[in-house]
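Please look over the following entry, whose sequence and coordinates are shown just below. The questions after it take up points that can be followed in the viewer.

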Number of protein chains: 2
Amino acid sequence: MGMVIRLVAIAVSVLSFGVALWLYTWVKAQPKGSQKVETIGEYIRKGANTFLRREYVILARFAGIIAILILLFIPTPIWKGASDNIIMAVSFLVGTCFSALAGRVGIQVATIANRKAAIAAQTGIKTAFLAGFRGGAVMGMAVVGSSLLGVTLVFMLTKDATALLGFSFGASSLALFAKAGGGIFTKTADISADLVGKVELGIPEDDPRNPAVIADNVGDNVGDVAGMGADLFDSNVASMAAALVMALSLDGGTINGKNVMTVFCYATIGLLSSIIGVGTARMGKRDNPTHALNSSTYVTTGIFAVLTAIATHFLQFEWRIWIAATIGLLVGTIIGIASDYFTNDSKHPVHYVSNASKSGPAFTILSGVSYGFLSVLPAMAGIAVASLAAYLICDPLGPGYAMYGISMSAVGMLSIVGMIISNDAYGPIVDNARGLVEMASLGEEALDITDALDSAGNTVKAVTKGFAIAAAGLTVIALLGAFTTEVNEAAMRMGKGPQFIQGFDIMTPKVFFGLLVGAAIPAVFSAMLMLGVDRNAQRMVSEIHRQFNTIVGLKEGREGVIPEYDKCIDIATVGALKELIPAGLMAIIATLLVGFIGGVQAIGGFLAGNIVSGLLLALFMSNAGGLWDNSKKYIESGKHGGRGSDAHKAAVVGDTVGDPFKDTAGPSINTQITVVSLIASLMSTVFLTVSLF
Amino acid sequence: MGMVIRLVAIAVSVLSFGVALWLYTWVKAQPKGSQKVETIGEYIRKGANTFLRREYVILARFAGIIAILILLFIPTPIWKGASDNIIMAVSFLVGTCFSALAGRVGIQVATIANRKAAIAAQTGIKTAFLAGFRGGAVMGMAVVGSSLLGVTLVFMLTKDATALLGFSFGASSLALFAKAGGGIFTKTADISADLVGKVELGIPEDDPRNPAVIADNVGDNVGDVAGMGADLFDSNVASMAAALVMALSLDGGTINGKNVMTVFCYATIGLLSSIIGVGTARMGKRDNPTHALNSSTYVTTGIFAVLTAIATHFLQFEWRIWIAATIGLLVGTIIGIASDYFTNDSKHPVHYVSNASKSGPAFTILSGVSYGFLSVLPAMAGIAVASLAAYLICDPLGPGYAMYGISMSAVGMLSIVGMIISNDAYGPIVDNARGLVEMASLGEEALDITDALDSAGNTVKAVTKGFAIAAAGLTVIALLGAFTTEVNEAAMRMGKGPQFIQGFDIMTPKVFFGLLVGAAIPAVFSAMLMLGVDRNAQRMVSEIHRQFNTIVGLKEGREGVIPEYDKCIDIATVGALKELIPAGLMAIIATLLVGFIGGVQAIGGFLAGNIVSGLLLALFMSNAGGLWDNSKKYIESGKHGGRGSDAHKAAVVGDTVGDPFKDTAGPSINTQITVVSLIASLMSTVFLTVSLF
């Protein structure tokens with residue numbers, strides 16, 4: 001039966017690739033546009049590909065070094081037996097390749113779909129919406145399909161859950177750098193373009209005279225499409241890996257046990273539900289794009305709940321596990337709705353911040369920071385309640401089931417991730433489409449349509465971001481469980497007896513030491529990324545000034561005068577590649593340091609501190625950023641004096657601060673906490689052997 | 001012997017009151033100034049007293065309600081025996097009175113010392129410095145003397161450490177509201193005065209035409225003098241209480257045991273060292289005020305280390321405990337120095353932020369947030385290392401000694417608190433003096449001198465704030481130990497057996513639930529305070545506009561036209577009193593909720609989460625705020641275009657954001673975490689009896 005389920009998982013993965021291919025073909029078959037659209041579109045495509053290629057070259061070297069270190073030391077030093085180490089290193093490399101591939105596919109289709117959506121916007125909103133959504137859905141299908149396929153294959157070939165952690169670590173470490181690098185790139189370009197274009201010169205967003213405008217559009221792709229895809233690929237794989245580590249342990253190591261089957265079954269149904277959800281997404285007659293995106297998400301959620309219930313009944317899985325998974329899904333949705341409250345322009349926080357902007361930028365910042373801080377409560381309380389509920393419900397099943405229940409809650413929450421990615425990737429595609437319409441002068445009507453599509457993208461993005469953070473949070477709690485399992489299994493092998501570690505007692509100063517240091521890391525990590533953006537944006541602003549000052553006729557928009565777009569792309573690329581390594585490396589080194597100083601106990605505390613403060617800061621920064629963005633848009637819609645008013649100027653300051661908050665630092669923290677959790681699990685034997693105290 | 005030490009403690013407390021009285025008389029005996037100085041000085045004094053009186057009326061009612069609740073339910077419901085409850089309620093009320101009294105004394109002398117320093121500045125810097133410093137020292141002596149006296153008396157009368165927690169809770173809950181209320185008052189006035197005066201009208205700081213200028217000076221007193229005094233009173237009492245709870249438990253309940261003696265002995269020596277330090281503080285011939293402040297702090301530190309070593313030798317205390325206390329002191333100093341690095345205008349962060357301001361306010365904010373985030377690492381790692389080291393050193397003394405060692409580390413860190421408060425209260429006094437010099441037109445030379453004194457106040461403030469946060473952090477870790485002791489003693493009384501609770505395992509979902517919710521509270525608490533400032537400042541800005549628009553001749557500065565200062569003071573007062581209750585109440589209710597839902601296990605996690613995220617946010621906000629303040633001053637000193645340049649405008653935005661960060665939310669979090677920790681200890685029996693899961 002276990003084998004059948006895994007074969008079904010592979011079949012559904014392949015089906016999702018088929019759907020992705022079909023969507024890709026559909027997008028590609030949409031009508032071509034004018035010469036100008038194609039030219040600018042090519043600029044964007046080339047810029048994105050160049051960045052990705054150069055990033056992957058650097059990351060390939062980095063992955064190579066890590067793979068060698070894994071080969072030498074993980075799970076045990078190679079002189080104590082090489083086979084496990086080889087499996088681990090290979091799993092790691094496969095993880096990085098899958099993650100990179102998913103990002104690459106996403107960029108490929110996104111840089112075509114943006115043109116198609118722009119062209120379609122000339123004739124009507126429905127096809128334009130579909131071009132954007134289906135372009136995003138290719139990414140969604142590719143990411144979820146490859147994560148399910150990868151996990152299933154690695155598990156079938158190695159029959160070892162620890163190898164899955166290696167696979168997951170490969171995916172995460174690539175995601176860490178892809179998200180950081182893409183995040184720095186996109187915000188460097190965005191901030192610089194806005195600062196000189198909108199603020200100094202008062203020219204519109206996406207004005208083709210602006211030398212940074214193409215870099216800005218490239219950034220949407222490499223940051224939001226490729227980076228976000230890598231992020232959710234990573235969470236998805238990690239949640240499955242954590243669940244399988246504990247399931248396998250509960251099943252006594254047999255790969256066909258009931259719990260292992262449950263994990264594969266639910267994950268497969270999640271992907272299937274997403275495929276159906278993507279298939280049903282379209283705009284009805286009197287529909288708006290936000291509604292279309294949300295309703296297909298709810299369809300996916302409903303289908304998942306029903307299908308897993310049916311599977312649970314017929315395959316005689318535990319109903320308690322089903323409840324845990326459903327709670328995860330429910331809480332994910334609630335957290336998304338809470339994020340929406342704090343960032344939606346029809347709700348109180350946006351109105352308050354917009355109104356405060358009338359008193360100047362300091363009040364924009366203060367009120368935004370305040371609401372950002374408030375916004376962490378519902379999400380953190382939600383995750384707290386979800387994990388407590390999953391525990392209480394699954395605990396009666398026996399020892400070890402409580403933590404497994406939490407991991408299944410994460411799997412449940414991530415079951416609709418295919419749909420979430422589709423919605424999320426839709427955003428940058430239609431944002432790009434809007435840029436193309438403006439740059440290629442496709443007319444006011446098309447601009448209105450792409451504006452409507454873009455606005456829906458922003459609204460949905462707040463929900464998906466809250467969801468992504470919550471999913472990462474629940475996943476790392478599950479990884480904490482996986483870490484304990486790993487430590488105990490390593491201790492068992494080392495003859496330290498069973499149940500070597502019961503847990504991590506806060507009152508043990510080693511744990512408390514880890515807790516404090518772990519909590520500081522996300523703050524330092526965010527600071528390093530934001531300073532990277534800051535430094536890079538300053539370089540780019542100088543370059544834009546140089547072009548406006550030296551290229552004759554550029555500022556005036558003389559016919560035929562084109563800025564040197566590639567110079568700006570180059571600055572963003574070089575800067576992002578330079579800044580992306582240190583922050584990630586710092587997080588990794590801090591983990592190793594704490595582990596070598598305080599051993600597994602300190603690491604337990606470190607992970608808990610890291611999760612707690614990581615969630616806090618990620619939620620704060622994402623929601624405050626979204627809030628500022630929408631406050632600016634709210635004022636631009638004519639409120640409080642509209643564009644050009646003092647309130648607008650203040651709101652632009654808020655938006656500029658919010659940009660690296662929400663698109664660089666905030667979402668990167670997700671990946672940071674996952675990477676750190678996985679390193680801890682993989683290094684458990686090493687930390688058990690070597691530590692100062 | 002124990003009795004002797006306690007009598008010495010009382011004697012030294014009385015000595016400190018004598019010193020305070022002598023300093024007060026000295027300050028009062030300084031020459032009187034012109035009519036104008038006295039008039040304006042009276043405005044400030046009356047405003048501060050009015051606010052304090054109205055605040056205390058509200059807080060008295062609040063304290064009354066809490067006292068009744070304590071009487072009814074703590075430590076056990078009153079129908080199970082009333083005597084403990086009466087002791088607890090009385091201790092609580094005595095704690096609130098002592099705290100209020102210390103604040104009152106501080107205000108009394110500060111509002112005289114500011115005038116004296118202003119007058120003295122006309123003749124030279126040395127006397128002006130002494131007037132400021134000795135004014136602050138009155139507060140320092142009063143706070144530390146009354147905390148030692150209070151703790152000793154309560155302990156002698158009740159012979160019960162739990163009653164000390166009640167006393168400490170009284171001090172803390174008053175501090176919570178005093179800090180929040182004062183913080184909202186001061187920043188409401190400061191921001192509004194700057195926004196209309198400096199930014200809109202371009203008139204200097206402390207210009208007498210500005211209707212909010214007196215309120216601003218009142219705010220310095222009620223926020224920085226009274227609020228900060230209450231805060232450190234609270235930390236000081238809490239650190240002694242936590243240490244005594246554990247010492248008494250280690251000594252088997254005998255009040256003359258060695259550990260109890262050590263606590264009283266070290267605390268007494270700390271006060272004695274501070275008295276000597278205060279006595280030696282003066283400016284040498286070629287001295288500057290910063291150096292004078294710092295060197296007397298180092299003198300205090302050295303004396304404490306030497307005297308405690310001598311006492312340890314002769315009284316045969318444990319040397320390991322001495323080392324733990326010394327480590328605390330050392331780490332406190334290091335954290336102060338780290339805070340200084342991030343906020344000092346001769347260091348890299350201030351230069352970076354000032355330079356970034358040239359690109360606009362968004363970059364001021366982004367770079368300040370980034371360095372603020374970075375600044376949490378040294379402090380959190382320092383506390384982590386201090387607690388780990390104290391543990392490792394004291395653990396060999398026997399079970400329970402490790403946590404006691406950490407509490408003695410906190411006592412060691414707080415031993416120099418008398419000196420710290422003196423330095424800290426010096427700041428607002430000379431800031432006020434500068435205002436008086438400007439408002440009463442005492443001449444350029446006097447302005448230069450008070451500027452130099454004020455600048456030293458700001459530099460030292462960064463150090464003392466870092467110190468205060470670190471002390472609170474270490475104290476609450478000790479309180480976590482006290483909480484465990486209390487729970488186990490309560491469990492013992494309830495017949496649940498000894499060592500009912502070993503600790504709090506993060507892997508237990510109840511603990512994790514508490515951890516997540518506890519971590520969210522400081523963010524919500526800060527948000528509520530900052531929104532309070534925001535709302536209140538908006539009201540005050542309207543009032544200032546009204547005055548400038550309706551009072552004829554005010555804007556032009558026509559002779560004899562005086563703004564309605566009292567209207568602004570009234571708005572700040574009413575607003576602060578309205579906003580101060582909800583945030584504090586939220587923190588208290590959240591603690592009760594978590595306790596009633598998840599019992600003592602959830603509370604253990606809740607406290608840990610609260611400490612970790614509280615430290616993180618308090619350090620971030622205090623340091624970022626100080627950084628922005630000094631960046632603005634750095635630009636005002638003529639860098640990057642000086643006053644009026646674009647960089648200056650951007651830096652002012654940073655400073656305005658930083659004001660409630662560093663003077664309202666950041667330091668209030670200290671008190672919030674202490675209050676929550678004390679409630680947890682006091683409610684331990686109740687939570688053991690009644691909880692949902």
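This is a predicted model: local features need pLDDT of at least 70, side-chain atom pairs count only at pLDDT 80 or more; totals for chains, interfaces and linings use all residues.

**Loops, helix packing and the chain contact**

Q: What is the phi of B:S441, a residue other than glycine?
A: B:S441 is found in a loop of chain B. Its phi is positive although the residue is not a glycine, with a value near 50°.

Q: Is B:Q316 buried or exposed?
A: B:Q316 is found in the loop between α8 (289–314) and α9 (319–343) of chain B, and has a positive phi of about 55° although it is not a glycine. Because 9 other C-beta atoms lie within 10 Å of B:Q316, where 12 or fewer is the limit for the class, B:Q316 is exposed.

Q: Which residue is joined to B:P75 by a cis peptide bond?
A: B:P75 is found in the loop between α2 (35–73) and α3 (83–120) of chain B. In chain A, a cis peptide bond with omega about 0° joins A:I74 and A:P75. In chain B, omega is likewise about 0° for the cis bond, and the residue joined to B:P75 is B:I74.

Q: How are α12(B) and α15(B) oriented to each other?
A: Helix α12 (residues 376–394) and helix α15 (residues 444–493) of chain B have axes 10 Å apart, and α12(B) passes α15(B) in a right-handed crossing. The residues in contact include B:G382 and B:A386 of α12(B) and B:G466 and B:G473 of α15(B), and by class there are seven nonpolar, four polar and no charged residues. Because the angle between the axes is about 40°, the two helices are oblique.

Q: At what angle do α2(A) and α14(A) pack?
A: The crossing of α2(A) and α14(A) is right-handed. The contact is made by A:V37, A:I40, A:G41 and A:I44 of α2(A) and by A:N432, A:L436 and A:M439 of α14(A), which divide into five nonpolar, two polar and no charged residues. With their axes 10 Å apart, the helices pack at an angle of about 135°.

Q: Which helix gives the largest share of the side of chain A that touches chain B?
A: On each side of the contact between the chains there are 66 residues. The elements that give two or more residues to the side of chain A include α11, α12, α15 and α17, and the residues of that side divide into 48 nonpolar, 15 polar and three charged. The largest share, 18 residues, comes from α16(A).

Q: Which residues of chain B does A:L516 touch?
A: A:L516 lies in helix α16 of chain A, and because 30 other C-beta atoms lie within 10 Å of it, A:L516 is buried. Not counting residues up to four places away in sequence, A:L516 touches A:G609 in chain A and, in chain B, B:M380, B:I383, B:A384 and B:V612.

Q: Which residues have the most contacts inside the largest nonpolar core?
A: The largest nonpolar core has 552 residues. Leaving aside neighbours within four places in sequence, B:L244 is in contact with B:F155, B:A161, B:L164, B:V260 and B:V263. The residues with the most contacts inside this core are A:L244 and B:L244.

Terms used
Residues are numbered from 1 along each chain as its sequence is written. Chains are lettered from A and ligands numbered from 1 in the order in which they are written. A nonpolar core is a set of buried Ala, Val, Leu, Ile, Met, Phe, Trp, Tyr and Cys residues joined through C-beta atoms within 7 Å. A residue is buried if 20 or more other C-beta atoms lie within 10 Å of its own, exposed if 12 or fewer, and partly exposed in between; C-beta atoms are placed from the backbone. Two residues are in contact if their C-beta atoms, placed from the backbone, lie within 7 Å. Axes are lines fitted to C-alpha atoms, for helices over the stretch in contact, and angles run from 0 to 180 degrees between N-to-C directions. Helices (H or I, at least four residues) and strands (E, at least two) are DSSP runs, numbered from the N terminus. Angles under 35 degrees count as roughly parallel, over 145 as roughly antiparallel, 65 to 115 as roughly perpendicular and the rest as oblique. A crossing is left-handed if the near helix is turned anticlockwise from the far one by less than a right angle, and right-handed if clockwise. Ala, Val, Leu, Ile, Met, Phe, Trp, Tyr, Cys and Pro count as nonpolar, Asp, Glu, Lys and Arg as charged, and the others, Gly among them, as polar.
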